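Please examine the sequence and the three-dimensional structure shown below.

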There are 2 protein chains.
Amino acid sequence: MKVTLIGAGNVGWHLGRKLHECGVEVVQVFSRQESKASALAKLTGADFTDRLEAISAQADLYLLAVSDDAIAGVARRLAAGAPGGKLMAHTSGATPMQVFAEAGAAARYGVFYPLQTFSKKRAPDFSQIPFCIDANNDADRELLFSLARQLSPKVYHLNDEQRAVLHVAAVFVNNFANFLFHAGYELLAREGLPFGLLLPLIRETAAKLEDAPPRDMQTGPARRNDRETIQRHLQLLENHPAYHRLYEILTENIHQIYHSAT
Amino acid sequence: MKVTLIGAGNVGWHLGRKLHECGVEVVQVFSRQESKASALAKLTGADFTDRLEAISAQADLYLLAVSDDAIAGVARRLAAGAPGGKLMAHTSGATPMQVFAEAGAAARYGVFYPLQTFSKKRAPDFSQIPFCIDANNDADRELLFSLARQLSPKVYHLNDEQRAVLHVAAVFVNNFANFLFHAGYELLAREGLPFGLLLPLIRETAAKLEDAPPRDMQTGPARRNDRETIQRHLQLLENHPAYHRLYEILTENIHQIYHSAT
(Lines give C-alpha, C1' and ligand atoms only; values in the text may rest on other atoms or scores of the structure.)
Protein backbone atom coordinates (compact mmCIF):
# COMPACT_ATOMS: atom_id res chain seq x y z
CA MET A 1 0.00 0.00 0.00
CA LYS A 2 1.38 3.37 -1.05
CA VAL A 3 0.50 6.49 0.91
CA THR A 4 0.74 10.17 0.03
CA LEU A 5 0.76 12.51 3.00
CA ILE A 6 -0.96 15.86 2.63
CA GLY A 7 0.32 18.01 5.48
CA ALA A 8 3.53 17.87 7.50
CA GLY A 9 2.34 19.41 10.75
CA ASN A 10 2.44 17.55 14.06
CA VAL A 11 -0.02 14.84 13.03
CA GLY A 12 1.34 14.40 9.50
CA TRP A 13 4.88 14.35 10.77
CA HIS A 14 4.44 11.59 13.34
CA LEU A 15 2.08 9.56 11.13
CA GLY A 16 4.51 9.74 8.23
CA ARG A 17 7.45 8.76 10.37
CA LYS A 18 5.55 5.84 11.88
CA LEU A 19 4.12 4.60 8.56
CA HIS A 20 7.64 4.55 7.13
CA GLU A 21 8.95 2.78 10.23
CA CYS A 22 6.26 0.11 9.83
CA GLY A 23 7.27 -0.54 6.24
CA VAL A 24 4.41 1.32 4.58
CA GLU A 25 5.65 3.09 1.48
CA VAL A 26 5.23 6.87 1.70
CA VAL A 27 5.53 8.00 -1.90
CA GLN A 28 4.94 11.73 -1.68
CA VAL A 29 4.67 14.45 0.95
CA PHE A 30 2.87 17.74 0.45
CA SER A 31 3.14 20.83 2.60
CA ARG A 32 2.56 24.48 1.72
CA GLN A 33 5.87 25.03 3.49
CA GLU A 34 8.47 23.46 1.25
CA SER A 35 10.98 23.08 4.08
CA LYS A 36 8.51 21.00 6.08
CA ALA A 37 7.59 18.88 3.08
CA SER A 38 11.23 18.20 2.26
CA ALA A 39 12.16 17.38 5.88
CA LEU A 40 9.39 14.80 6.21
CA ALA A 41 10.08 13.47 2.71
CA LYS A 42 13.71 12.96 3.65
CA LEU A 43 12.68 11.10 6.81
CA THR A 44 10.35 8.79 4.90
CA GLY A 45 12.24 8.39 1.63
CA ALA A 46 9.42 10.10 -0.28
CA ASP A 47 9.18 12.77 -2.96
CA PHE A 48 7.86 16.13 -1.86
CA THR A 49 6.03 19.13 -3.25
CA ASP A 50 4.56 22.38 -2.02
CA ARG A 51 1.99 22.55 -4.84
CA LEU A 52 -1.27 20.59 -4.64
CA GLU A 53 -1.35 20.33 -8.47
CA ALA A 54 1.93 18.45 -8.37
CA ILE A 55 0.53 15.60 -6.28
CA SER A 56 0.82 12.46 -8.36
CA ALA A 57 -1.60 9.58 -8.87
CA GLN A 58 0.88 6.96 -7.71
CA ALA A 59 -0.52 6.44 -4.17
CA ASP A 60 -3.33 4.12 -3.04
CA LEU A 61 -4.29 6.40 -0.16
CA TYR A 62 -4.15 10.18 0.25
CA LEU A 63 -3.99 11.07 3.94
CA LEU A 64 -5.15 14.63 4.63
CA ALA A 65 -3.41 15.70 7.83
CA VAL A 66 -4.35 19.35 7.39
CA SER A 67 -6.28 21.79 9.58
CA ASP A 68 -10.02 21.13 9.82
CA ASP A 69 -11.05 24.12 7.74
CA ALA A 70 -8.64 23.18 4.94
CA ILE A 71 -9.95 19.62 4.41
CA ALA A 72 -12.83 20.45 2.04
CA GLY A 73 -10.75 22.69 -0.19
CA VAL A 74 -7.81 20.31 -0.41
CA ALA A 75 -10.11 17.35 -1.10
CA ARG A 76 -11.82 19.23 -3.93
CA ARG A 77 -8.55 20.13 -5.58
CA LEU A 78 -7.16 16.61 -5.22
CA ALA A 79 -10.31 15.07 -6.70
CA ALA A 80 -10.11 17.43 -9.65
CA GLY A 81 -6.46 16.52 -10.20
CA ALA A 82 -4.41 13.40 -10.80
CA PRO A 83 -5.54 11.54 -7.64
CA GLY A 84 -9.24 11.76 -8.64
CA GLY A 85 -10.97 8.46 -7.91
CA LYS A 86 -8.37 7.38 -5.36
CA LEU A 87 -9.11 6.84 -1.65
CA MET A 88 -8.83 9.94 0.55
CA ALA A 89 -9.01 10.05 4.34
CA HIS A 90 -8.69 12.89 6.81
CA THR A 91 -7.15 12.67 10.28
CA SER A 92 -9.58 14.99 12.05
CA GLY A 93 -11.66 14.14 15.09
CA ALA A 94 -13.98 17.10 14.65
CA THR A 95 -14.79 16.84 10.95
CA PRO A 96 -17.66 14.69 9.63
CA MET A 97 -16.73 12.25 6.90
CA GLN A 98 -19.38 13.97 4.75
CA VAL A 99 -16.97 16.83 4.19
CA PHE A 100 -15.68 14.86 1.22
CA ALA A 101 -19.13 14.40 -0.33
CA GLU A 102 -20.09 17.99 0.34
CA ALA A 103 -16.91 19.17 -1.29
CA GLY A 104 -18.07 17.23 -4.35
CA ALA A 105 -14.72 15.62 -3.97
CA ALA A 106 -13.75 11.99 -3.82
CA ALA A 107 -15.85 8.96 -4.66
CA ARG A 108 -13.93 6.93 -2.09
CA TYR A 109 -13.30 8.56 1.23
CA GLY A 110 -12.87 7.91 4.91
CA VAL A 111 -11.45 8.91 8.28
CA PHE A 112 -8.15 7.92 9.87
CA TYR A 113 -8.19 9.68 13.23
CA PRO A 114 -5.45 9.03 15.80
CA LEU A 115 -6.75 10.14 19.21
CA GLN A 116 -3.69 11.72 20.73
CA THR A 117 -2.09 15.10 21.30
CA PHE A 118 0.96 15.43 19.10
CA SER A 119 3.83 17.83 19.47
CA LYS A 120 6.83 17.93 17.19
CA LYS A 121 9.35 17.32 19.96
CA ARG A 122 7.79 14.22 21.56
CA ALA A 123 7.76 10.89 19.77
CA PRO A 124 4.39 9.40 20.71
CA ASP A 125 4.03 5.73 21.66
CA PHE A 126 1.81 4.55 18.82
CA SER A 127 1.00 1.29 20.57
CA GLN A 128 -0.99 3.45 23.00
CA ILE A 129 -2.87 5.50 20.43
CA PRO A 130 -6.48 4.57 19.60
CA PHE A 131 -7.23 4.93 15.88
CA CYS A 132 -10.80 5.75 14.88
CA ILE A 133 -11.63 4.56 11.40
CA ASP A 134 -14.52 5.08 9.03
CA ALA A 135 -15.10 5.02 5.28
CA ASN A 136 -17.98 5.40 2.81
CA ASN A 137 -17.68 1.77 1.70
CA ASP A 138 -16.83 -1.51 3.39
CA ALA A 139 -13.74 -2.33 1.38
CA ASP A 140 -12.05 0.98 2.16
CA ARG A 141 -13.11 0.77 5.79
CA GLU A 142 -11.32 -2.57 6.03
CA LEU A 143 -8.35 -1.18 4.18
CA LEU A 144 -7.98 1.77 6.56
CA PHE A 145 -8.60 -0.53 9.51
CA SER A 146 -5.78 -2.85 8.57
CA LEU A 147 -3.44 0.05 7.86
CA ALA A 148 -4.16 1.44 11.33
CA ARG A 149 -3.55 -2.00 12.83
CA GLN A 150 -0.01 -1.83 11.48
CA LEU A 151 0.52 1.25 13.67
CA SER A 152 -1.43 0.37 16.81
CA PRO A 153 -3.34 -2.55 18.33
CA LYS A 154 -6.17 -0.17 19.31
CA VAL A 155 -8.29 0.41 16.24
CA TYR A 156 -12.01 1.19 16.32
CA HIS A 157 -14.80 1.66 13.82
CA LEU A 158 -16.50 4.90 14.83
CA ASN A 159 -19.20 6.73 12.90
CA ASP A 160 -19.35 10.51 12.58
CA GLU A 161 -21.53 11.04 15.63
CA GLN A 162 -19.43 8.82 17.88
CA ARG A 163 -16.24 10.44 16.69
CA ALA A 164 -17.72 13.91 17.24
CA VAL A 165 -18.63 13.08 20.84
CA LEU A 166 -15.23 11.48 21.37
CA HIS A 167 -13.65 14.68 20.11
CA VAL A 168 -15.64 16.85 22.54
CA ALA A 169 -14.68 14.49 25.35
CA ALA A 170 -11.05 14.82 24.27
CA VAL A 171 -11.35 18.59 24.51
CA PHE A 172 -12.48 18.22 28.13
CA VAL A 173 -9.76 15.80 29.22
CA ASN A 174 -6.94 17.35 27.20
CA ASN A 175 -7.48 21.03 26.30
CA PHE A 176 -9.55 21.96 29.33
CA ALA A 177 -7.55 19.89 31.82
CA ASN A 178 -4.40 21.51 30.44
CA PHE A 179 -5.95 24.90 31.11
CA LEU A 180 -6.48 23.89 34.74
CA PHE A 181 -2.83 22.87 34.87
CA HIS A 182 -2.02 26.34 33.58
CA ALA A 183 -4.16 27.86 36.33
CA GLY A 184 -2.14 25.87 38.87
CA TYR A 185 1.06 27.04 37.22
CA GLU A 186 0.04 30.67 37.37
CA LEU A 187 -1.22 30.56 40.95
CA LEU A 188 2.11 29.10 42.09
CA ALA A 189 4.17 31.48 39.96
CA ARG A 190 2.61 34.48 41.70
CA GLU A 191 3.83 33.05 45.00
CA GLY A 192 7.27 32.34 43.57
CA LEU A 193 6.67 28.59 43.80
CA PRO A 194 7.86 26.19 41.09
CA PHE A 195 5.31 24.27 38.99
CA GLY A 196 7.37 21.15 39.60
CA LEU A 197 5.66 20.91 43.01
CA LEU A 198 2.44 19.93 41.23
CA LEU A 199 3.82 17.53 38.64
CA PRO A 200 3.78 14.38 40.80
CA LEU A 201 0.17 15.13 41.75
CA ILE A 202 -0.81 15.62 38.11
CA ARG A 203 0.90 12.38 37.10
CA GLU A 204 -0.82 10.47 39.89
CA THR A 205 -4.22 12.00 39.11
CA ALA A 206 -3.88 10.60 35.59
CA ALA A 207 -2.36 7.27 36.65
CA LYS A 208 -5.14 6.52 39.16
CA LEU A 209 -7.64 6.30 36.33
CA GLU A 210 -6.11 2.98 35.30
CA ASP A 211 -7.64 1.53 38.48
CA ALA A 212 -11.09 3.06 38.62
CA PRO A 213 -13.33 5.57 36.84
CA PRO A 214 -12.84 9.26 37.71
CA ARG A 215 -16.10 9.38 39.64
CA ASP A 216 -14.64 6.98 42.20
CA MET A 217 -11.36 8.90 42.34
CA GLN A 218 -12.83 12.30 43.14
CA THR A 219 -11.44 13.86 46.32
CA GLY A 220 -11.19 17.36 47.75
CA PRO A 221 -13.33 19.95 49.51
CA ALA A 222 -16.18 19.93 46.96
CA ARG A 223 -16.48 16.15 47.19
CA ARG A 224 -16.42 16.31 51.00
CA ASN A 225 -18.72 19.34 51.05
CA ASP A 226 -16.08 21.06 53.21
CA ARG A 227 -17.58 24.57 53.22
CA GLU A 228 -14.88 26.09 55.40
CA THR A 229 -12.05 25.15 53.04
CA ILE A 230 -14.09 26.18 50.00
CA GLN A 231 -14.67 29.63 51.53
CA ARG A 232 -10.98 30.00 52.38
CA HIS A 233 -10.05 29.05 48.82
CA LEU A 234 -12.51 31.53 47.32
CA GLN A 235 -11.05 34.26 49.51
CA LEU A 236 -7.57 33.42 48.26
CA LEU A 237 -8.83 33.71 44.68
CA GLU A 238 -10.45 37.12 45.15
CA ASN A 239 -7.75 38.79 43.08
CA HIS A 240 -8.11 36.25 40.28
CA PRO A 241 -11.70 36.78 39.05
CA ALA A 242 -11.48 34.17 36.28
CA TYR A 243 -10.15 31.48 38.62
CA HIS A 244 -12.61 32.51 41.32
CA ARG A 245 -15.50 31.96 38.90
CA LEU A 246 -14.10 28.65 37.67
CA TYR A 247 -13.59 27.48 41.25
CA GLU A 248 -17.22 28.23 42.07
CA ILE A 249 -18.60 26.53 38.97
CA LEU A 250 -16.47 23.41 39.19
CA THR A 251 -17.15 23.09 42.91
CA GLU A 252 -20.86 23.36 42.19
CA ASN A 253 -20.58 20.68 39.48
CA ILE A 254 -18.72 18.26 41.74
CA HIS A 255 -21.05 18.98 44.64
CA GLN A 256 -23.98 18.13 42.39
CA ILE A 257 -22.69 14.61 41.77
CA TYR A 258 -22.10 13.64 45.37
CA HIS A 259 -24.55 15.73 47.37
CA SER A 260 -27.61 16.21 45.21
CA ALA A 261 -30.87 15.19 46.79
CA THR A 262 -32.00 13.18 43.80
CA MET B 1 12.65 9.67 66.71
CA LYS B 2 9.38 8.13 67.86
CA VAL B 3 6.14 8.99 66.10
CA THR B 4 2.52 8.57 67.15
CA LEU B 5 0.03 8.61 64.31
CA ILE B 6 -3.35 10.19 64.94
CA GLY B 7 -5.61 8.98 62.13
CA ALA B 8 -5.47 5.89 59.96
CA GLY B 9 -7.21 7.18 56.83
CA ASN B 10 -5.53 7.30 53.43
CA VAL B 11 -2.83 9.80 54.46
CA GLY B 12 -2.18 8.29 57.89
CA TRP B 13 -2.07 4.82 56.43
CA HIS B 14 0.53 5.47 53.75
CA LEU B 15 2.59 7.77 55.98
CA GLY B 16 2.64 5.21 58.76
CA ARG B 17 3.60 2.42 56.42
CA LYS B 18 6.38 4.49 54.86
CA LEU B 19 7.75 5.78 58.17
CA HIS B 20 7.98 2.23 59.43
CA GLU B 21 9.62 1.13 56.17
CA CYS B 22 12.24 3.88 56.60
CA GLY B 23 13.09 2.71 60.09
CA VAL B 24 11.24 5.43 61.99
CA GLU B 25 9.66 3.98 65.10
CA VAL B 26 5.86 4.28 65.09
CA VAL B 27 4.93 3.78 68.73
CA GLN B 28 1.17 4.24 68.72
CA VAL B 29 -1.69 4.54 66.26
CA PHE B 30 -5.00 6.21 67.02
CA SER B 31 -8.19 5.95 65.01
CA ARG B 32 -11.79 6.34 66.10
CA GLN B 33 -12.34 3.12 64.20
CA GLU B 34 -10.57 0.47 66.23
CA SER B 35 -10.27 -1.88 63.26
CA LYS B 36 -8.36 0.73 61.28
CA ALA B 37 -6.12 1.57 64.22
CA SER B 38 -5.31 -2.05 64.81
CA ALA B 39 -4.65 -2.79 61.13
CA LEU B 40 -2.17 0.07 60.79
CA ALA B 41 -0.63 -0.73 64.18
CA LYS B 42 -0.07 -4.29 63.03
CA LEU B 43 1.60 -3.05 59.84
CA THR B 44 3.94 -0.74 61.75
CA GLY B 45 4.57 -2.77 64.90
CA ALA B 46 2.88 -0.11 67.03
CA ASP B 47 0.34 -0.06 69.84
CA PHE B 48 -3.12 1.17 68.99
CA THR B 49 -6.09 2.83 70.60
CA ASP B 50 -9.46 4.25 69.63
CA ARG B 51 -9.54 6.66 72.59
CA LEU B 52 -7.71 10.00 72.45
CA GLU B 53 -7.24 9.91 76.25
CA ALA B 54 -5.28 6.71 75.89
CA ILE B 55 -2.59 8.29 73.75
CA SER B 56 0.67 8.01 75.66
CA ALA B 57 3.50 10.50 76.12
CA GLN B 58 6.14 8.18 74.70
CA ALA B 59 6.42 9.75 71.21
CA ASP B 60 8.58 12.70 70.13
CA LEU B 61 6.13 13.72 67.40
CA TYR B 62 2.35 13.47 67.16
CA LEU B 63 1.28 13.45 63.53
CA LEU B 64 -2.34 14.52 63.08
CA ALA B 65 -3.54 12.90 59.84
CA VAL B 66 -7.18 13.70 60.53
CA SER B 67 -9.79 15.64 58.57
CA ASP B 68 -9.25 19.41 58.47
CA ASP B 69 -12.14 20.24 60.75
CA ALA B 70 -11.01 17.72 63.38
CA ILE B 71 -7.49 19.14 63.79
CA ALA B 72 -8.28 21.86 66.35
CA GLY B 73 -10.33 19.60 68.59
CA VAL B 74 -7.85 16.74 68.53
CA ALA B 75 -4.94 19.10 69.21
CA ARG B 76 -6.70 20.61 72.19
CA ARG B 77 -7.42 17.22 73.74
CA LEU B 78 -3.88 15.98 73.11
CA ALA B 79 -2.37 19.11 74.67
CA ALA B 80 -4.57 18.67 77.72
CA GLY B 81 -3.51 15.05 78.05
CA ALA B 82 -0.31 13.09 78.38
CA PRO B 83 1.38 14.43 75.19
CA GLY B 84 1.07 18.06 76.39
CA GLY B 85 4.29 19.95 75.57
CA LYS B 86 5.30 17.50 72.83
CA LEU B 87 5.63 18.44 69.15
CA MET B 88 2.43 18.17 67.09
CA ALA B 89 2.11 18.53 63.34
CA HIS B 90 -0.84 18.22 61.00
CA THR B 91 -0.74 16.86 57.45
CA SER B 92 -3.23 19.30 55.93
CA GLY B 93 -2.61 21.55 52.95
CA ALA B 94 -5.60 23.72 53.66
CA THR B 95 -5.19 24.37 57.38
CA PRO B 96 -3.06 27.23 58.74
CA MET B 97 -0.45 26.28 61.29
CA GLN B 98 -2.14 28.75 63.64
CA VAL B 99 -4.90 26.21 64.22
CA PHE B 100 -2.72 24.87 67.03
CA ALA B 101 -2.29 28.24 68.71
CA GLU B 102 -5.96 29.11 68.31
CA ALA B 103 -6.93 25.81 69.82
CA GLY B 104 -4.87 26.89 72.84
CA ALA B 105 -3.20 23.63 72.22
CA ALA B 106 0.47 22.79 71.83
CA ALA B 107 3.46 24.95 72.61
CA ARG B 108 5.42 23.24 69.84
CA TYR B 109 3.62 22.69 66.56
CA GLY B 110 4.10 22.47 62.84
CA VAL B 111 2.99 21.18 59.48
CA PHE B 112 3.99 18.01 57.69
CA TYR B 113 2.06 18.14 54.40
CA PRO B 114 2.65 15.57 51.68
CA LEU B 115 1.34 16.99 48.41
CA GLN B 116 -0.22 13.95 46.81
CA THR B 117 -3.57 12.27 46.33
CA PHE B 118 -3.70 9.09 48.38
CA SER B 119 -6.02 6.16 47.96
CA LYS B 120 -5.91 3.08 50.10
CA LYS B 121 -5.35 0.71 47.19
CA ARG B 122 -2.41 2.44 45.51
CA ALA B 123 1.02 2.49 47.13
CA PRO B 124 2.35 5.97 46.31
CA ASP B 125 5.94 6.49 45.20
CA PHE B 126 7.19 8.62 48.07
CA SER B 127 10.35 9.63 46.21
CA GLN B 128 8.00 11.66 43.97
CA ILE B 129 6.03 13.34 46.76
CA PRO B 130 6.88 16.92 47.71
CA PHE B 131 6.69 17.47 51.47
CA CYS B 132 5.81 20.96 52.70
CA ILE B 133 7.16 21.67 56.15
CA ASP B 134 6.67 24.42 58.69
CA ALA B 135 6.90 24.83 62.47
CA ASN B 136 6.57 27.55 65.06
CA ASN B 137 10.27 27.33 65.99
CA ASP B 138 13.48 26.68 64.10
CA ALA B 139 14.49 23.51 65.92
CA ASP B 140 11.19 21.76 65.22
CA ARG B 141 11.18 23.00 61.62
CA GLU B 142 14.57 21.34 61.14
CA LEU B 143 13.37 18.24 62.90
CA LEU B 144 10.31 17.88 60.66
CA PHE B 145 12.42 18.73 57.63
CA SER B 146 14.89 15.94 58.30
CA LEU B 147 12.09 13.47 59.05
CA ALA B 148 10.51 14.31 55.69
CA ARG B 149 13.88 13.89 53.99
CA GLN B 150 13.90 10.29 55.16
CA LEU B 151 10.72 9.76 53.11
CA SER B 152 11.38 11.90 50.04
CA PRO B 153 14.15 13.97 48.46
CA LYS B 154 11.64 16.75 47.74
CA VAL B 155 11.15 18.71 50.95
CA TYR B 156 10.25 22.40 51.09
CA HIS B 157 9.82 25.05 53.76
CA LEU B 158 6.48 26.70 52.99
CA ASN B 159 4.68 29.22 55.14
CA ASP B 160 0.91 29.23 55.67
CA GLU B 161 0.17 31.54 52.77
CA GLN B 162 2.34 29.63 50.31
CA ARG B 163 0.86 26.34 51.41
CA ALA B 164 -2.67 27.71 51.11
CA VAL B 165 -2.06 28.82 47.53
CA LEU B 166 -0.39 25.51 46.75
CA HIS B 167 -3.47 23.76 48.09
CA VAL B 168 -5.81 25.80 45.88
CA ALA B 169 -3.57 25.06 42.91
CA ALA B 170 -3.72 21.37 43.82
CA VAL B 171 -7.52 21.55 43.79
CA PHE B 172 -7.37 22.88 40.23
CA VAL B 173 -4.92 20.30 38.87
CA ASN B 174 -6.28 17.33 40.83
CA ASN B 175 -9.93 17.70 41.93
CA PHE B 176 -11.07 19.89 39.06
CA ALA B 177 -9.07 18.08 36.38
CA ASN B 178 -10.52 14.82 37.66
CA PHE B 179 -14.00 16.27 37.25
CA LEU B 180 -13.19 17.03 33.61
CA PHE B 181 -12.07 13.42 33.23
CA HIS B 182 -15.44 12.44 34.66
CA ALA B 183 -17.16 14.65 32.09
CA GLY B 184 -15.23 12.84 29.36
CA TYR B 185 -16.22 9.52 30.90
CA GLU B 186 -19.88 10.42 30.98
CA LEU B 187 -20.00 11.86 27.46
CA LEU B 188 -18.49 8.63 26.08
CA ALA B 189 -20.69 6.40 28.22
CA ARG B 190 -23.83 7.93 26.72
CA GLU B 191 -22.53 6.92 23.28
CA GLY B 192 -21.64 3.46 24.51
CA LEU B 193 -17.93 4.19 24.11
CA PRO B 194 -15.35 2.95 26.64
CA PHE B 195 -13.42 5.46 28.76
CA GLY B 196 -10.26 3.54 27.89
CA LEU B 197 -10.26 5.41 24.57
CA LEU B 198 -9.29 8.57 26.46
CA LEU B 199 -6.71 7.15 28.85
CA PRO B 200 -3.66 7.40 26.55
CA LEU B 201 -4.59 11.02 25.81
CA ILE B 202 -4.92 11.81 29.52
CA ARG B 203 -1.58 10.16 30.28
CA GLU B 204 0.13 12.08 27.49
CA THR B 205 -1.48 15.39 28.54
CA ALA B 206 0.12 14.92 31.96
CA ALA B 207 3.43 13.58 30.64
CA LYS B 208 3.98 16.49 28.25
CA LEU B 209 4.26 18.87 31.20
CA GLU B 210 7.66 17.39 31.98
CA ASP B 211 8.90 19.13 28.81
CA ALA B 212 7.27 22.53 28.92
CA PRO B 213 4.78 24.60 30.94
CA PRO B 214 1.07 24.02 30.24
CA ARG B 215 0.75 27.36 28.50
CA ASP B 216 3.06 26.12 25.73
CA MET B 217 1.23 22.78 25.54
CA GLN B 218 -2.25 24.18 24.98
CA THR B 219 -3.91 22.90 21.81
CA GLY B 220 -7.48 22.60 20.56
CA PRO B 221 -10.23 24.74 19.04
CA ALA B 222 -10.17 27.46 21.74
CA ARG B 223 -6.43 27.91 21.32
CA ARG B 224 -6.77 28.03 17.52
CA ASN B 225 -9.88 30.21 17.75
CA ASP B 226 -11.63 27.63 15.54
CA ARG B 227 -15.18 29.01 15.78
CA GLU B 228 -16.71 26.37 13.55
CA THR B 229 -15.56 23.46 15.72
CA ILE B 230 -16.51 25.30 18.91
CA GLN B 231 -20.04 25.83 17.59
CA ARG B 232 -20.33 22.19 16.56
CA HIS B 233 -19.17 21.11 20.02
CA LEU B 234 -21.65 23.40 21.76
CA GLN B 235 -24.43 21.95 19.64
CA LEU B 236 -23.41 18.44 20.66
CA LEU B 237 -23.56 19.52 24.31
CA GLU B 238 -27.04 21.03 24.09
CA ASN B 239 -28.53 18.17 26.09
CA HIS B 240 -25.85 18.50 28.79
CA PRO B 241 -26.44 22.00 30.23
CA ALA B 242 -23.69 21.73 32.85
CA TYR B 243 -21.09 20.61 30.31
CA HIS B 244 -22.33 23.17 27.80
CA ARG B 245 -21.76 25.95 30.32
CA LEU B 246 -18.34 24.61 31.32
CA TYR B 247 -17.33 24.32 27.67
CA GLU B 248 -18.23 27.96 27.09
CA ILE B 249 -16.43 29.24 30.15
CA LEU B 250 -13.26 27.22 29.67
CA THR B 251 -13.14 28.10 25.98
CA GLU B 252 -13.49 31.77 26.90
CA ASN B 253 -10.68 31.44 29.45
CA ILE B 254 -8.32 29.79 26.98
CA HIS B 255 -9.26 32.25 24.25
CA GLN B 256 -8.39 35.07 26.60
CA ILE B 257 -4.80 33.87 26.98
CA TYR B 258 -4.00 33.50 23.31
CA HIS B 259 -6.27 35.97 21.54
CA SER B 260 -6.76 38.90 23.89
CA ALA B 261 -5.95 42.30 22.43
CA THR B 262 -3.75 43.34 25.34
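## Aromatic rings between the chains

A:F172 counts as buried, because its relative accessibility is 0%; buried means under 20% relative accessible area, exposed over 50% and partly exposed in between, with a 1.4 Å probe and protein chains only. B:Y243 is likewise buried, at 6% relative accessibility. The model is predicted, so local features need pLDDT of at least 70 and side-chain atom pairs count only at pLDDT 80 or more, while totals for chains, interfaces and linings use all residues; side-chain values use heavy atoms, with hydrogens and water left out. Residues are numbered from 1 along each chain as its sequence is written, and chains are lettered from A and ligands numbered from 1 in the order in which they are written.

A pair of aromatic rings is described by the distance of the centres and the angle of the planes. Rings of Phe, Tyr and Trp (its six-membered ring) pair if their centres lie within 6.5 Å; planes under 30 degrees apart count as stacked, over 60 as edge-to-face and the rest as tilted. Over all chains, the count by this rule comes to 20 aromatic pairs. In one of them, A:F172 and B:Y243 are edge-to-face, with 5.8 Å from centre to centre and 65° between the planes. This pair crosses between chains, from helix 6 of chain A to helix 11 (residues 241-259) of chain B. Helices (H or I, at least four residues) and strands (E, at least two) are DSSP runs, numbered from the N terminus. Ring pairs also link A:F172, A:F176, B:F179, B:Y243 and B:Y247 into a cluster.

## The contact between chains A and B

Contact means heavy atoms within 4.5 Å. Chain A and chain B each contribute 86 residues to their contact. The area buried between them is about 8,500 Å², of which carbon and sulfur atoms give 69%; buried area is the accessible area (1.4 Å probe) that two parts lose on being put together, summed over both. In chain B, the residues that lose the most area to chain A are B:R122, B:F172 and B:V173, together 8% of what that side buries.

A:H167 is found in helix 6 (residues 160-190) of chain A. This histidine is buried, because its relative accessible area is 13%. Leaving aside residues up to four places away in sequence, A:H167 touches A:G93, A:A94 and A:Y113, as well as B:T229 and B:H233.

## The sheet of chain A

Chain A has an open sheet of eight strands in the order 3-2-1-4-5-6-7-8, with mixed pairing. Two strands pair if DSSP finds at least two bridges between them. Strand 3 (47-49) and strand 8 (155-157) of chain A are the edge strands, each pairing on one side only.

Strand 5 (residues 87-90) and strand 6 (residues 108-114) of chain A pair in the parallel sense over four bridges. Within strand 6 of chain A, A:R108 is the bridge partner of A:L87.

## Strand 7 of chain B

Strand 7 (residues 131-135) of chain B is largely enclosed by the rest of the structure, because five of its five residues are buried. B:F131, B:I133 and B:A135 point one way, and B:C132 and B:D134 the other way.

Five bridges join strand 7 to strand 6 (residues 108-114) of chain B, and these strands run antiparallel. B:I133 in strand 7 is the bridge partner of B:F112. With strand 8 (residues 155-157) of chain B, strand 7 pairs in the parallel sense over three bridges; here B:F131 stands opposite B:V155.
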